[in-house]
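Visitor: I'm new to this one. Can you walk me through it, a piece at a time?

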Amino acid sequence: MRLAFCAVAVIALACLLIRAGRLGMAGDYLDPFGHIGAQDESLYAHSAIQMAQHGGWMTPTFMGRLGLYKPPLLAAMAGLSARVLGISRISLRLPVALLAALAVGLVFWWAAEVNGWLAGACAVLLLISDHLWHTLASMCLTDGLLAAFYVAALYCLFADPWLDTAWSRWGYAGAVAASILTKSVAGLLPLGVLGLYWIFAPPKYRPRFWRLIGAVLLSLALAAPWFLFQLLAHGRWFWAEHIGVEILGFGAGAPPQTSQENQALFYGVRMALLDPVLLAAAAASLPTFAREIRRRSAPAILLLLAMMLPAAAVLIWQYRNVSYLLPLIPMLAIFASAYNPLCAANTAKWTLAALVAIFVVKAAAPATSWGLPFRTGTVVAAAPILEDYCERARGNELIVVDTPDELYASLLPIPRVRYVLSGAAPAAGTYGLDFASMGIILNEQQFDALPQSLPAFEKQLREWGMDSTDAVGTVVFVSSPAELAAVVAAHPDSDFLLPARDRVVAGSPAHIPVRVGPEYLLLLARLALPATRAKWSCRL
């Protein structure tokens with residue numbers, strides 16, 4: 001069985017790495033229905049690159065400012081991989097892909113122990129052919145890492161429901177702590193499963209009470225040092241962003257949404273359209289699974305709770321994001337195979353052959369909502385333009401104007417990147433920090449007179465626990481073409497990438513206009529500043 005586990009993990013890793021190596025960073029939609037881009041991958045990858053280059057492993061940063069919206073485990077693992085292997089899309093995505101592949105191996109092992117190796121193979125095919133799993137587990141995102149740790153923690157409980165052995169206790173606690181250090185409160189899901197399992201499982205198949213308490217305390221003790229460190233080192237920022245915005249704002253408040261459905265409809269529709277095969281296989285497992293629940297089978301009760309908790313969590317958490325479904329997917333794959341009569345006895349081989357054929361069909365139809373995209377490229381239209389600009393090897397800062405790049409420019413070896421956006425700056429409050437008072441967000445007048453106001457911003461940033469002004473002027477808001485023209489005129493040594501519709505500002509005498517495709521225009525400063533040699537590729 002161990003050899004089969006390794007073979008499954010290698011196959012799963014190969015599938016994920018093929019996609020990871022072919023897809024540009026932030027280059028796919030996380031929600032194909034709402035065309036929600038993978039901006040978060042740029043956030044985490046930028047933090048990882050900074051760690052690989054400059055250290056600071058405990059405290060993620062993004063474009064010069066603290067990035068305490070999530071704990072640092074993903075950024076630190078990706079940063080370590082990038083430091084060892086060099087900065088590339090493969091190295092940044094490798095930790096998630098590797099751990100997700102090991103989780104696929106555990107899914108095989110789990111289903112195989114319940115219903116034989118053919119059921120385990122069915123579970124693997126159901127999982128690796130799932131669109132959501134295929135997408136998120138091959139990118140530098142917290143969702144794939146969280147799902148892998150969720151599987152690992154619950155497999156420890158499945159294999160040793162009493163938590164009697166040291167490996168199961170430490171394995172469970174380590175996986176839970178890693179989950180918490182990946183995605184904060186979402187990482188508590190395995191603890192919820194353990195608590196409910198202790199209540200509902202047959203007494204002879206559950207851990208002793210003090211063993212339960214010990215596992216919970218050990219999990220929290222392993223995760224706690226980072227939270228305590230941030231409270232001491234950056235208490236104001238940590239409390240405002242991690243607690244106030246991420247948990248209380250987006251989790252318990254009424255955050256802005258990307259669609260108007262309610263929670264149940266949002267997730268139900270997407271689940272059905274992203275993987276109808278998995279749901280059909282799960283439906284076929286219901287009669288057998290119901291009989292096991294009536295028998296009070298401990299593995300069935302554990303699996304039921306492992307599915308219920310993530311499902312309940314996405315309905316309770318106020319912000320809607322299809323990626324939040326990912327921890328549920330491997331549990332559904334186990335459910336849809338280990339208790340499926342089609343995955344047992346003489347029909348299992350035919351089912352397995354059908355699932356192989358379905359995998360091929362999904363890979364051949366990558367544009368569908370349920371397809372498996374292995375294509376090369378990116379959905380970010382501006383990415384090739386930014387890459388070509390980067391390869392010019394200019395030492396000037398680049399100001400990206402009204403260009404939806406999913407923050408891809410921040411990942412490239414460009415000396416400095418700023419963003420200019422048209423419209424009003426967002427108000428500080430429940431769903432965002434007061435970046436304007438820190439100077440991270442500026443208006444045109446402030447940006448054009450930045451040297452005069454920099455000391456005041458420096459003082460404000462120091463009060464927030466930052467000893468650098470690198471983040472000042474990250475985003476500049478302009479309210480009219482005239483203000484944009486003023487920004488261009490006031491920064492003759494900066495390069496600009498802007499939509500072709502803004503060509504009215506191309507008359508700046510300090511810049512050379514260069515048309516780059518039908519929709520974009522580069523304004524290159526006539527004085528090209530010397531650049532240091534790029535430390536990684538311009539094509540991430």
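Visitor: Which ring does the charged end of Arg236 sit over?
Guide: The ring of Trp464, and the charged end is 4.0 Å from the ring centre. For a charge to sit over a ring, NZ of Lys or CZ of Arg must be within 6 Å of the ring centre and within 35 degrees of the ring normal. This is a predicted model, where local features need pLDDT of at least 70 and side-chain atom pairs count only at pLDDT 80 or more, while totals for chains, interfaces and linings use all residues. Residues are numbered from 1 along each chain as its sequence is written, and side-chain values use heavy atoms, with hydrogens and water left out.

Visitor: And what does the charged end of Arg206 sit over?
Guide: The ring of Trp198, 4.9 Å from its centre.

Visitor: Now rings with rings. How many aromatic pairs are there?
Guide: A search of the whole structure finds 18. Rings of Phe, Tyr and Trp (its six-membered ring) pair if their centres lie within 6.5 Å; planes under 30 degrees apart count as stacked, over 60 as edge-to-face and the rest as tilted.

Visitor: Phe5 and Trp109: what kind of pair?
Guide: Tilted, because their planes are at 40 degrees; the ring centres are 5.2 Å apart. Phe5 lies in helix H1 (residues 2–22) and Trp109 in helix H4 (residues 89–115), so the pair ties together parts 104 residues apart in sequence. Helices (H or I, at least four residues) and strands (E, at least two) are DSSP runs, numbered from the N terminus.

Visitor: Is Phe5 buried or exposed?
Guide: Phe5 counts as buried, at 15% relative accessibility. Trp109 also counts as buried, at 18%. Buried means under 20% relative accessible area, exposed over 50%, partly exposed in between (1.4 Å probe, protein chains only).

Visitor: Which cluster do ring pairs form around there?
Guide: They link Phe5, Trp109, Trp110, Tyr155 and Phe158.

Visitor: Which residues of H9 are buried?
Guide: Leu189, Pro190, Leu191, Val193, Leu194 and Tyr197.

Visitor: What do they pack against?
Guide: Four helices: H7 (142–159), H8 (166–183), H10 (209–233) and H14 (298–316). Contact here means heavy atoms within 4.5 Å.

Visitor: On to the sheet. What order do the strands take?
Guide: The order is S7-S8-S6-S5-S9-S11-S10, seven strands in an open sheet with mixed pairing. Strands S7 (441–443) and S10 (511–516) stand at the edges with a single partner strand each, so one side of each has no neighbour in the sheet. Two strands pair if DSSP finds at least two bridges between them.

Visitor: Which way do S5 and S9 pair?
Guide: In the parallel sense, over three bridges, with S5 at residues 398–401 and S9 at residues 495–499. Val400 stands opposite Leu497 in S9.

Visitor: What joins S5 to S6?
Guide: Four bridges; S5 and S6 (residues 417–422) run parallel. Here Val400 stands opposite Tyr419.

Visitor: And what stands opposite Tyr419 in S8?
Guide: Val475 does. S6 and S8 (residues 475–478) pair in the parallel sense over four bridges.
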